[in-house]
Amino acid sequence: MAGIVVIGCADQSLAYELRAQLAEAADVEVVAVAETTTELTALVLAHEPQVVLVHDQLGPEPAHQVIRDLGLRRPASVALVVSSDNDPESLSAAMDAGARGVVAYPLAYAEVQQRVVNALEWSRHMGTLLASSGTGDGSVRGRATVVAVAGSKGGVGTTTIATHLCWDIRREVPAHKVLVVDLDLEKGDVSSLVAARYRSSVADLAKVSQDLSVRTVQDAVFEHESGLHLLLPPEDVREVEFVTPAAVRQIIALLRQQYDLVVIDVGAHVTPVQAAVVEIAAEVVAVVTPDLVSLRALRRNLGWWESLAVRKPENVHVLLNRHNRSDEVQPETARRISPAPLLQTVMPDLGRRLERATNSRSPELVDDAAWWKALRAFGREIGAVRRAAQPAGPDDVAGLVEAESRRRPRRGPRRGDDTGSASVDLLGVLPWLALVCALLWQLGVTGMTYVWTGHAASAAARSVALHADDATVRQAAQDVFPAGMRARLDVGVGGPDRSSVSVAAQVPLMMPGVFSTPWDVRVDRQVVSEP
């Protein structure tokens with residue numbers, strides 16, 4: 001079986017030369033060439049190659065950092081660094097990153113073949129070991145899924161969705177290390193939705209981005225009592241200038257090694273820092289509301305990202321927020337208008353039901369199960385919780401609010417609390433309600449008795465007019481009534497020359513044929529004699 005190779009090189013001539021030399025090897029197949037580190041990561045995860053050739057000048061992330069991250073996610077994929085700098089420091093940096101070898105430029109055919117063959121043998125050996133140990137599922141921890149959440153414009157709910165998504169994932173999978181990064185540097189509101197008192201910010205990390213360490217990042221990250229981690233913007237707006245695209249790339253590269261999920265709120269304004277995050281993020285979600293102003297802003301932002309060559313529209317997910325059935329722009333309309341694919345999940349419009357949680361800075365106070373169900377569906381659709389061991393199904397979401405309410409501290413009864421009074425009032429009113437229904441039913445039975453008696457009198461009068469005997473007249477009147485009322489029917493023919501008919505019937509109690517009331521209904525009819 002031929003070995004699969006992926007090349008990461010932005011230099012077209014060098015990439016062509018590498019493909020030409022590898023094409024001469026019978027057991028090697030080059031499946032793709034990546035021109036950015038983001039594209040290289042996606043290709044490696046999609047194809048799972050045995051060998052990855054990485055040019056040391058590949059960007060925008062440092063090539064050595066990408067090699068280190070890919071080694072954590074795909075241990076069986078062997079990385080070879082293509083370098084034009086053969087000094088000992090470069091070789092040492094490549095080895096420290098986890099590369100299995102260095103291919104010097106200009107390329108030598110024999111050297112390239114030998115390096116690739118050795119890498120293939122090592123990859124096959126590692127694949128065998130991983131398969132036998134059962135750890136080759138790619139779920140090795142230490143490489144976070146980075147999700148950038150951007151708003152098409154201000155006020156579409158970007159911060160609320162990002163914060164509540166991470167809150168719910170942390171609650172659903174407690175073993176997951178989840179971080180929320182607020183990179184809306186001038187108008188960030190994450191600390192307004194989750195109570196946080198912090199001293200260090202992302203600006204403090206940006207000042208020492210060249211000398212970052214795990215300890216430095218841990219000191220800057222605020223850990224909430226719920227277990228959610230927060231990296232927040234500076235309180236002093238003058239420190240925003242320290243947060244540069246290069247510093248953000250360094251910070252995110254280090255955060256990826258310490259967390260399972262990093263959700264970054266990048267705001268709604270297209271800035272160099274936002275563009276840098278959008279370029280290196282694994283998933284980018286643009287939040288819109290069902291109105292044309294928001295959709296026009298989305299088209300504008302996506303056009304700017306594409307012109308800056310940071311993200312194509314087809315690689316952006318669009319989330320529709322605050323959907324209501326009465327909206328003029330429905331999801332199908334938004335899907336046709338949107339320049340990027342719209343997610344199947346649609347966030348419902350809760351109106352003021354989020355107000356209590358927002359004012360209290362406690363997301364758990366949202367007691368609408370539909371909200372949390374939609375958030376979990378959204379998280380799974382973008383792959384934010386794909387590594388969860390036991391994902392909760394839709395039925396589990398219904399009990400989520402109840403479980404959360406049990407965890408809340410109990411408070412004393414409030415003055416004027418009417419809890420349970422509705423049930424007591426219903427029990428007191430129920431007998432009277434049943435009595436009223438019975439009386440209405442009896443009135444209906446009485447009215448039907450009047451109708452039947454009138455029809456019976458008319459039928460008896462017609463029989464008399466046809467000179468029928470008394471037995472036939474009585475039978476004609478009885479045929480109109482139900483079987484249970486015929487026995488107590490009184491039919492009389494009177495007047496000179498049998499000129500009138502009288503029919504009397506007892507009113508049944510509740511239903512015919514069971515019980516009768518002491519009242520009766522009598523109807524008289526005149527007989528019209530035929531000449």
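Is A220 buried or exposed? The answer, for this predicted model, is given under the first heading.

## A220 and helix α9

A220 is buried, with a relative accessible area of 5%. This value falls under the 20% cut-off that defines a buried residue. A220 belongs to helix α9, which covers residues 214–220. In sequence, A220 and S200 are separated by 20 residues, while in space their C-alpha atoms are 4.8 Å apart.

## Helix α10

The buried residues of α10 are A247, V248, R249, I251, I252, A253, L254 and L255.

## The largest pocket

The largest pocket holds about 680 Å³ of space. Its lining comprises 27 residues, and those closest to the centre of the pocket are T38, E39, E279, R311 and N315. By class, the lining of the largest pocket has 12 charged, 8 nonpolar and 7 polar residues.

Two elements that each supply at least two residues of this lining are α2 (37–47) and α11 (272–280). The most is given by α2, with 6 residues.

## The second largest pocket

For the second largest pocket, the volume is about 460 Å³. Its lining is made up of 26 residues, and G155, V156, G157, T158 and T159 lie nearest the centre. Helix α6 (158–172) and strands β10 (261–267) and β12 (317–323) are the elements that give two or more residues to the lining of this pocket. Of the elements, α6 gives the most, with 3 residues.

The lining of the second largest pocket divides into 12 polar, 7 nonpolar and 7 charged residues.

## A nonpolar surface patch

Where on the surface do W441, L509, M510, M511, V514 and F515 come together? These residues form a nonpolar patch, and together they have about 610 Å² of accessible area.

One member of the patch, V514, lies in the loop between β15 (500–509) and β16 (515–526). V514 is partly exposed, because its relative accessible area is 46%, and partly exposed residues fall between the limits of 20% for buried and 50% for exposed. Membership of a patch requires over 30% relative accessible area, a threshold that V514 passes with its 46%.

Methods: Residues are numbered from 1 along each chain as its sequence is written. This is a predicted model: local features need pLDDT of at least 70, side-chain atom pairs count only at pLDDT 80 or more; totals for chains, interfaces and linings use all residues. Side-chain values use heavy atoms; hydrogens and water are left out. On a 1 Å grid over the protein atoms alone, a cavity is a set of points where a 1.4 Å probe fits but cannot get out, and a pocket is an open set with protein on both sides within 12 Å along at least five of seven lines; lining residues have an atom within 4 Å of a point. Grid points are joined across faces, edges and corners, and a volume is the space filled by probe spheres set on the points. Helices (H or I, at least four residues) and strands (E, at least two) are DSSP runs, numbered from the N terminus. Ala, Val, Leu, Ile, Met, Phe, Trp, Tyr, Cys and Pro count as nonpolar, Asp, Glu, Lys and Arg as charged, and the others, Gly among them, as polar. Patches are made of residues with over 30% relative accessible area and no salt bridge: like charges are joined within 9 Å, nonpolar side chains (Val, Leu, Ile, Met, Phe, Trp, Tyr) within 5 Å. Accessible areas come from the Shrake-Rupley method with a 1.4 Å probe; for residues, only the protein chains shown count as cover. A salt bridge is a side-chain nitrogen of Lys or Arg within 4 Å of a carboxyl oxygen of Asp or Glu. Buried means under 20% relative accessible area, exposed over 50%, partly exposed in between (1.4 Å probe, protein chains only).
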